[in-house]
Amino acid sequence: MSPEPSDVKPKLNLQIQYEGNQVTVKVKATMHFTTIFKAAAAKFNKEPGTLKFTYDGNRIQEDDSPASLGMEDGDLIDAFLEQLGGCRRPTPLFNKSR
């Protein structure tokens, strides 16, 4: 038997959930989320960059890693479609021309 290499980094199984569908991705703890985001978008048939991800209610940035966020095996990530816009002028409650 050969000895176990000491520099082997364990992999994590992370669950990514989007609109009731869930996929599991196996990643290294030090892998940046850029790669994970692209893989998740492909699994959910979305264009890269259209999904945004949160962990424990906090937005995950592309340069974060599972290790930097303290993730453990089996943790759940929520995915959402990015929403643009939403800004409009409020309608006045009273007509000021009277």
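Visitor: Ground rules before we start?
Guide: It's a predicted model, so local features need pLDDT of at least 70 and side-chain atom pairs count only at pLDDT 80 or more, while totals for chains, interfaces and linings use all residues. Residues are numbered from 1 along each chain as its sequence is written, and side-chain values use heavy atoms, with hydrogens and water left out.

Visitor: Which residues of α1 are buried?
Guide: In α1 (residues 33–43), they're Phe33, Ile36, Phe37, Ala40 and Ala41. Buried means under 20% relative accessible area, exposed over 50%, partly exposed in between (1.4 Å probe, protein chains only). Helices are DSSP runs of H or I, at least four residues, and strands are E runs of at least two, numbered from the N terminus.

Visitor: Why are they on the same side of α1?
Guide: Because they cover an arc of only 135 degrees around the axis, taking directions from the helix axis to the C-beta atoms.

Visitor: And what's exposed on the other side?
Guide: Lys38 and Ala42.

Visitor: What do the buried ones pack against?
Guide: β1 (11–18), β2 (21–28), β3 (51–55) and β5 (76–81), with contact meaning heavy atoms within 4.5 Å.

Visitor: New topic: which element gives the most to the lining of the largest pocket?
Guide: α1, with four residues.
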